[in-house]
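Visitor: I would like to learn how to read a protein structure. Please take me through a few features in turn.

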Amino acid sequence: FSISTYNKMWADAQKDIDIQLQREREESSRPEIDLVKAFNTLATFYIKYMQIFRNLEMAHDQLIHRQKRAAIRQVLDGVIGRILEIKKEMVQLENSEFHYIDNILEDLKLLPEDIEVPIPRYFVKEKLGVLQEREKLLDQILLDTGLQAQKPDKAMTIEEAVKVIQVSERARQGRCRAAFMKRIYLQDKRERPSKLHVRTGPSPDEAATCIQKVWRGYIQRKKTEKMREEEMIFLGMFILSFFYFIPFVFSSCQTLPPHLMATSISQLGAGQGNAPHGEVQEIHEEVFKEKLKEMEGLDIMKTLQDQIGQCLIECRHITGRFPDYPTEEAGGSMAMLSERTPEEVAAELAAKREMALLKQAQKGKIEKEGKEKTKAKTPQKSGDNVRLPAEEGWKMAPSNFLSILEEGSSQYKAIWQKRDEEGDFLQDHDPELIKEKKREEVEEEIRVQVDKVMQQKLEELKLAVDGEMSKKQKKGRKSQKVRAAMMSLVHRTIDSLYRELVEEGLIIKAKTINLSDYVGKYNYLGSVLRQADREPVPSPAHVRQLIALYGILPLGSQTVYEKAPLVKSLLLAGPAGVGKKMLVHAICTETGANLFDLSPSNIAGKYPGKNGLRMMLHMVLKVAKQLQPSVVWIGDTEKVFSKAVVKVEEEMNPKRLEKVLPKFLDAFKAPDRVLLVGTTNRPFDANPKPFCKVYQKIILIPRPDYTSRFGKYFNILVILFFSVSWWTVLWKHIILQNGGVITNLLDISCLAKLSNGFTQGHMIQAVQDVLSELRLLQMTRKPLRTEEFITFLARQDPVYQEEEKTFK
C-alpha cells in the first residue's frame with residue numbers, strides 16, 4: 001500500500017513538473033512590460049514548485065527502491081535549484097528579500113504553511129555514519145583537552161523505568177507460580193496411592209513409534225511456524241507485531257531468525273523510516289561493475305585504442321604533423337573522439353586563435369557597451385505599477401536547472417511511468433539499469449588508462465617519425481625541480497589540522513537545533529501595509545524561509561550549490577535574544593556542517609601577527625573545504641568593521657579580520673560548500689561600505705509580533721475557504737518545553753500583550769526563572785498564574801522603538 005501511495009505521489013509530481021515546464025516555455029517566449037504582473041507570475045511558479053518539492057521529498061524519503069530514489073534525487077535537485085533561481089528574480093523585481101503573496105495564496109486556496117520550505121532528510125541521512133564518527137572524534141578531542149566535561153550518565157526515562165519494573169515483576173510472578181505448582185505436584189504425588197502391581201514397559205516397536213510421533217510432530221510444528229513467519233513478513237505485519245509485543249513478553253532484545261534475515265531487508269527499510277536505504281543494492285552495483293570489467297573491459301580498451309590511433313593518423317595526413325594529446329582537464333581522448341572530422345577540428349583551432357586576438361583588442365569596448373546597456377535597462381519607478389521600456393520588457397532569465405528537469409521527466413516517462421511492479425514486492429534492483437549506469441563508469445575508467453598508454457605512444461611516434469620532443473621532455477629538468485620543491489614542503493594531514501583547530505576552540509560543537517524549533521507564524525498584514533506604503537516587519541516564518549533558501553538548501557546538495565545563484569555569505573542582524581545564534585546552529589544541524597567560530601572574542605590572542613592570521617585562515621580554509629559542508633561563523637561581526645574601536649577592546653584587536661575577509665571569501669569556489677555567517681545586534685556601528693561588501697545577503701530578524709507571542713490568530717484565508725484555526729506558538733511552546741502546565745488561570749493573551757517589545761530570549765529567561773525545581777514540584781496543587789511571569793519579565797530591558805527604527 002505504501003509503495004503504491006508514494007509511486008502515485010511521484011507520478012503526480014512529474015505531471016506537475018511537465019505542466020510547469022510548458023508554462024515556463026510560454027512565458028519565456030514573450031516579454032512582460034508590467035512588472036507587477038511579472039512578479040505575480042514568478043510568485044505562482046514559486047508556490048507550484050514548492051508543492052512539487054514537498055511531494056518529491058516525501059516520495060524520495062519513503063521509497064525503498066534505490067534506482068527510483070536516484071531518479072527522484074536528480075529531479076529534486078533540479079526543483080530546488082529552480083526555486084532558488086525564481087527567488088533571485090523575485091528579489092530583483094521587488095528589491096526586497098521578503099515577499100507577501102497573500103492574494104496568490106487566496107486564489108490557489110492555500111495556507112502560508114503550504115509554502116513553508118521543507119528540509120530534505122537525505123542531507124543528513126546519506127552521511128549519517130560519517131557525521132556520527134566525526135561527532136565522536138570531536139567529543140573525544142574536547143574531553144582530552146578539558147574543553148568539555150564528561151557527560152553524566154543519562155537518567156532513565158519514565159518509560160524505561162516502567163519497562164524494567166514490568167520485566168522484574170513478571171519474572172517474580174513466574175518464579176512464584178513455578179514454586180506453587182511444584183508444591184501442588186509434590187503434594188499430589190504423596191497422596192497418590194501406591195499401586196501393588198508393576199507395569200511392564202512398552203515393546204521396542206511401540207517405543208520407536210512413540211519417538212517417531214513426537215519427532216515428526218516437532219518438525220511439522222517448526223515448518224508451520226516458519227511458514228507463518230514468512231507469510232506475516234510478506235503481508236508486512238511481522239515487524240509491527242514483533243516490536244509491539246516486546247515490552248510485554250521479552251525482557252531483552254531479540255533478533256529475527258537467520259532464515260528470515262535475508263528476506264526482511266526491504267521490510268526493515270520500510271518500517272524504519274529514518275534508516276538509510278539501498279545498502280544491499282550498493283553491493284550489487286559493485287558486483288555488476290566488476291563483472292562488466294571482466295566481460296567487456298578488453299573489448300572497450302581495444303576499441304578506444306583503435307579509434308584514437310585512427311584519429312591521430314588522419315590528423316597527421318591533414319596537418320602534416322601529429323597533434324598534441326589533449327590534457328585531462330580538456331577531456332582527454334573524449335575531445336578527440338567527437339563526431340567532428342579532422343578538418344573541422346583544425347578549422348576550429350584556427351578560429352579560436354583568431355577569436356582570442358579579437359577579444360583582447362575589443363575587451364575595453366565591450367565593457368563600455370555592457371555598462372551602457374545595464375544603465376539603459378534599469379527600470380524607473382512611477383507609481384504602483386513599474387513598467388519597463390515598451391521595446392524591451394521583462395523576460396525570464398536563463399536557467400541552469402530546466403534541462404535537469406526535462407531530462408528527469410523524459411527518464412521517468414521512458415523507464416518508470418509504465419513499469420509493471422506487481423511481481424516486484426521486495427522493490428529489488430533492476431539489473432539492466434545498473435548495467436547501463438555502470439557501463440559508463442567502466443568506460444570512463446578504461447578511457448583514463450588508455451589515455452596514458454596512447455599519450456606515451458604518441459610521444460614515441462613524434463620522436464621516431466617527426467623527430468619532435470614533447471614539452472614534458474623539454475622541460476623535464478624544470479618540472480623535476482618544481483616537484484622536488486613541492487616535496488620539500490611539509491604537508492600536514494586533515495586530521496592533525498582538525499585536532500589543532502578544535503583544541504584552539506576554532507571548531508566548536510553545533511547544538512542539535514532544527515529549523516522548525518525557531519517558532520513563529522506568518523504576518524498576514526504584510527500586503528495590506530505595503531499597499532499603504534509602509535514596509536512591514538519580517539515575520540519568523542519569512543526568516544525561516546530565507547535561512548532555508550540561502551543557507552540550508554545550497555549547503556545540503558552539491559548539484560544545487562554549483563549551479564544555483566551562489567550565496568557565499570549571510571548576515572543575521574537583530575536585537576539580542578531574537579535567535580540569531582540558534583539559526584546558525586540550525587543550519588549546521590540540518591546540513592551536518594562543521595561549525596568554525598571566528599568571532600573577534602574567540603580568536604583574540606590566537607595566532608598573533610599577520611603571518612599567524614594567514615596561517616589560521618589557511619588552516620580553516622583547508623579543513624572547511626575538505627570536510628564540507630562547513631559554516632564559518634563570526635559573532636559580533638560589526639566589531640570587525642567598526643568605525644572606531646572601544647578602548648576596552650583594543651587588546652582584543654577585533655579589526656584584524658577586516659582586510660583579509662574579502663580574500664577569504666574569494667578563496668571559496670563553486671564546488672566548495674562553505675558559508676560565511678555573521679551575527680550582530682548592532683549593525684549600525686559598522687562601516688557600511690566594507691560591511692556590505694563582505695555580506696551578500698542581510699536578513700533582519702526582529703522581535704516577535706503579537707501573533708507569534710500569543711499564537712492565536714484569525715486567518716482570513718481560512719475563513720474564506722475552510723474554518724477558523726487556532727495556533728499555539730511562542731509563550732505556550734516555551735512554558736510547555738520547560739515543564740509547565742497550561743491552565744485557565746494562565747492568560748496567554750495577557751502575556752502576549754504585555755510582552756510587547758521583548759524578545760524570545762527575554763521570554764525564555766522569564767519562564768526559566770519562574771519554573772524552578774521547587775515551583776515544578778508545586779505545580780499540581782498550585783497552578784501557574786500570569787502575574788508570576790510578568791514579575792520576572794519586568795526586570796529585563798525591552799527593545800525600544802528607537803532601536804527598531806535604527807535597525808530598519
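The dialogue below goes through the features of this predicted model.

Visitor: How many helices and strands are in the protein chain?

Guide: The protein chain has 36 helices and six strands. Of its 808 residues, 39% count as buried. Among contacts with a separation of 6 or more, 82% are between residues 24 or more positions apart.

Visitor: Let us turn to nonpolar cores. Which residues of the largest nonpolar core touch the most other members?

Guide: That core has 85 residues, and those touching the most other members are Trp10, Tyr49, Phe53, Leu56, Val79, Ile547 and Val631. Helix H2 (residues 35-62) gives the largest share of this core, 14 residues. There is also a second, separate core of 39 residues, which includes Leu497, Tyr498, Val632 and Ala686.

Visitor: What is tryptophan 10 in contact with, leaving aside its neighbours within four places in sequence?

Guide: The contacts of tryptophan 10 are Leu56, Ala59, Leu63, Lys68, Ala71, Ile72, Tyr412 and Trp416.

Visitor: How do I read two packed helices?

Guide: Two numbers describe them: the angle between the axes and the distance between the axes. In this structure, take helix H1 (residues 2-29) and H3, whose axes come within 12 Å and cross at roughly 40 degrees. The crossing of H1 past H3 is left-handed. On the H1 side the contact is made by Asn7, Trp10, Gln14, Ile17 and Glu24, and on the H3 side by Lys68, Ala71, Ile72, Val75, Val79 and Arg82.

Visitor: In the crossing of H31 and H33, is the hand right or left?

Guide: H31 passes H33 in a right-handed crossing. The axes of helix H31 (residues 730-737) and helix H33 (residues 760-770) come within 10 Å, with a crossing angle of roughly 40 degrees. Leu730, Trp731, Ile734 and Ile735 of H31 make the contact with Gln760, Met763, Ile764 and Val767 of H33.

Visitor: How do I read a pair of aromatic rings?

Guide: The description uses the distance of the centres and the angle of the planes. This structure holds nine aromatic pairs. In one of them, tyrosine 122 and phenylalanine 123 have ring centres 5.0 Å apart and planes at 80 degrees.

Visitor: Why is that pair edge-to-face?

Guide: Planes over 60 degrees apart count as edge-to-face, and the planes of tyrosine 122 and phenylalanine 123 are at 80 degrees, so this pair is edge-to-face. Both tyrosine 122 and phenylalanine 123 are buried. Elsewhere, Phe641, Phe691 and Tyr695 form one aromatic cluster.

Visitor: Where does the charged end of arginine 795 sit?

Guide: The charged end of arginine 795 sits over the ring of phenylalanine 792, at 4.6 Å from the ring centre.

Visitor: What should I know about backbone angles?

Guide: Most residues other than glycine have a negative phi, and most peptide bonds are trans. Asparagine 95 is not a glycine, yet its phi is positive, about 55 degrees. Asparagine 95 is placed in the loop between helix H3 (66-94) and helix H4 (102-108). Lysine 109 also has a positive phi, near 55 degrees, and is in the loop between H4 and helix H5 (122-125).

Visitor: Which peptide bond is cis?

Guide: The bond from glutamine 628 to proline 629 is cis, with omega near 0 degrees. Proline 629 lies in the loop between helix H26 (609-626) and S4.

Visitor: Last, accessibility. Why does asparagine 95 count as exposed?

Guide: Exposed means over 50% relative accessible area. Asparagine 95 is at 60%, so it counts as exposed. Valine 645 is at 31% relative accessibility and therefore counts as partly exposed. Serine 403, with a relative accessible area of 45%, is partly exposed.

Visitor: Where does valine 645 lie, and what does it touch?

Guide: Valine 645 is in the loop between strand S4 (630-635) and helix H27 (661-666). Not counting residues up to four places away in sequence, valine 645 touches Glu650, Pro654 and Lys655. From C-alpha to C-alpha, valine 645 and lysine 655 are 8.1 Å apart in space, and 10 residues apart in sequence.

Visitor: In which helix is serine 403 found?

Guide: Serine 403 is in helix H16 (residues 402-416). Serine 403 and leucine 21 are 382 residues apart in sequence, while their C-alpha atoms are 10.0 Å apart in space.

Definitions and conventions. Residues are numbered from 1 along each chain as its sequence is written. This is a predicted model: local features need pLDDT of at least 70, side-chain atom pairs count only at pLDDT 80 or more; totals for chains, interfaces and linings use all residues. Side-chain values use heavy atoms; hydrogens and water are left out. Rings of Phe, Tyr and Trp (its six-membered ring) pair if their centres lie within 6.5 Å; planes under 30 degrees apart count as stacked, over 60 as edge-to-face and the rest as tilted. Buried means under 20% relative accessible area, exposed over 50%, partly exposed in between (1.4 Å probe, protein chains only). A charge sits over a ring if NZ of Lys or CZ of Arg is within 6 Å of the ring centre and within 35 degrees of the ring normal. A nonpolar core is a set of buried Ala, Val, Leu, Ile, Met, Phe, Trp, Tyr and Cys residues joined through side-chain atoms within 4.5 Å. Helices (H or I, at least four residues) and strands (E, at least two) are DSSP runs, numbered from the N terminus. Contact means heavy atoms within 4.5 Å. Axes are lines fitted to C-alpha atoms, for helices over the stretch in contact, and angles run from 0 to 180 degrees between N-to-C directions. A crossing is left-handed if the near helix is turned anticlockwise from the far one by less than a right angle, and right-handed if clockwise.
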